[in-house]
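The account starts with the first and then turns to the second.

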Amino acid sequence: MITIIGAGPAGSYLGYLLARQGKDVAIIEEHDAVGKPVQCTGIVTHSIEKFFKLKNGVIAKRLNKVIVASKNNRIAVNVDEIVMWRDLFDKFVAGMAEKEGVKILLNHKFIGINGKNSVKVKDRKNEKIKNLKSEIVVGADGPYSAVARAVGMNSISKNYIGMQAKVKLDMDTSSFECYFGTDFPDFFGWVVPESDDTVRLGIGCFENAEHYFYRFLKSRTGKSDVLCWESGLIPLYNPNKIIQKGSIYLIGDAAAQVKATTGGGIIPSLKAAQSLCDCIINNKDYNKEFKKQSGRELLLHLRIRKILNKFSDEDYDKLLNLMSQDKVRKILKKYDRDTPIPLVANLLLKEPRFFYFAKLLWR
Ligand SMILES: Cc1cc2nc3c(=O)[nH]c(=O)nc-3n(C[C@H](O)[C@H](O)[C@H](O)COP(=O)(O)OP(=O)(O)OC[C@H]3O[C@@H](n4cnc5c(N)ncnc54)[C@H](O)[C@@H]3O)c2cc1C
């Protein structure tokens, strides 16, 4: 038996892939329903369709433009993005796993490893403790991973605070907005429409999240009211993080497999599920294999994040000027952030002035 802790996209997609290979899989989920509470903007590039065709009900909006704003500049770039109802997406992937025979135990919380080959879980309905036999345990239990803590694999994790709320706002609902500069230290702010009158507005930062969030909310909407909160932690990728110890593995946010430029973790967690499934089936070293398959991409995102975090407002103004050229827009349309290596290589080739920003690594 393989026990996966967490029925988020990482856990459910891995369960689906392993069951298709004939493995006996159980997923332990502490909540009484898959997909709740939502702590995500749910925006992905169309690359998600390389993994599966999304059901129509999962898609809230398709967006064809992003407005990128710095202190004194603002440009529109053509894109092809999908905004999902994140709870329905999680249910969709969990449904795929169940169809392949994966058993999902709701209302069950992982509380520890009980010696070799056994996990301890609490049935939250009757508070009973159960020990489940399992040869392999996978922590797909998000940024606060109890599995990582239980086996000492959480030591070098650093997280952004992603503070997001649903807000009433009229805007062009075929585009989303990203805001950069010193008003958004170390990350950025976003406004993403989910329907004709409601948006997901948020910021990421390492500290003082409330201050930056409310200042952004007031400046963008003129109001301070929110409909509901959807905040959470966004792990910062760390190439030195241990993600396998013997028969215990981490995946998704629990393994910090997130793009450091955008905080996007859905597509990286699906890629990681493919890599981990291959490692389990073929008895490969996941610490090495994951780095081979996705490590270079996530490291590139981390390096870009380190450069961006040294930008002044003038640097962002300058970057947007370069991005507004037709030759650059074409590259941005052709390659998305889920293929960062050809994206960056083509940008540097077609516009060498982007090299100017590399020197900021040493500023
Ligand atoms: C504000 C915000 C906005 C974001 N926006 C985007 C975005 O637009 N696009 C994008 O790609 N990414 C986004 N992300 C990141 C994305 O949400 C995560 O990377 C993604 O959810 C990771 O999936 P996961 O399956 O690893 O973890 P999760 O989705 O966190 O799933 C973990 C599961 O484990 C369960 N669990 C936890 N502990 C236990 C336990 N002890 N026992 C049993 N079950 C447990 C939880 O209930 C949960 O169901 C955002 C994150 C935040 C915070």
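How many cavities of 30 Å³ or more does the structure hold? In this predicted model, there is one. The volume of the largest cavity is about 70 Å³.

Its lining consists of Lys259, Ile267, Pro268, Lys271, Ser294, Glu297, Leu298, His301, Arg337, Asp338 and Pro340. Two elements, α5 (266–282) and α6 (286–308), each give two or more residues to this lining. The largest share, four residues, is that of α6. By class, the lining of the largest cavity has five charged, four nonpolar and two polar residues. Domain 1 (2–34 + 86–156 + 241–305) and domain 3 (306–362) each contribute at least three residues to the lining.

The ligand has a shell of 33 residues, and the closest of them are Glu29, His31, Ile43, Phe110 and Asp253. The shell around the ligand comprises 14 polar, 12 nonpolar and seven charged residues. At least two shell residues come from each of α1 (9–20), β7 (108–113) and β16 (232–235). Because domain 1 (2–34 + 86–156 + 241–305) and domain 2 (43–84 + 158–234) both give residues to the shell, the ligand lies between them.

A polar backbone atom of Thr41 is 3.0 Å from a nitrogen atom of the ligand. For Ile43, a backbone N or O atom lies 2.9 Å from a ligand nitrogen atom. An oxygen atom of the ligand is 3.0 Å from a backbone N or O atom of Ile266. Of the 1,000 Å² of accessible area that the ligand has on its own, the protein covers 90%.

Technical notes
Residues are numbered from 1 along each chain as its sequence is written. This is a predicted model: local features need pLDDT of at least 70, side-chain atom pairs count only at pLDDT 80 or more; totals for chains, interfaces and linings use all residues. Side-chain values use heavy atoms; hydrogens and water are left out. A residue is near a molecule or strand if one of its heavy atoms lies within 4 Å of it. A polar contact is a pair of N or O atoms within 3.5 Å; within protein, one must be able to donate a hydrogen and the other to accept it, and residues adjacent in sequence count only if both atoms are side-chain atoms. Accessible areas come from the Shrake-Rupley method with a 1.4 Å probe; for residues, only the protein chains shown count as cover. Ala, Val, Leu, Ile, Met, Phe, Trp, Tyr, Cys and Pro count as nonpolar, Asp, Glu, Lys and Arg as charged, and the others, Gly among them, as polar. Domain bounds come from an automatic or database domain assignment. On a 1 Å grid over the protein atoms alone, a cavity is a set of points where a 1.4 Å probe fits but cannot get out, and a pocket is an open set with protein on both sides within 12 Å along at least five of seven lines; lining residues have an atom within 4 Å of a point. Grid points are joined across faces, edges and corners, and a volume is the space filled by probe spheres set on the points.
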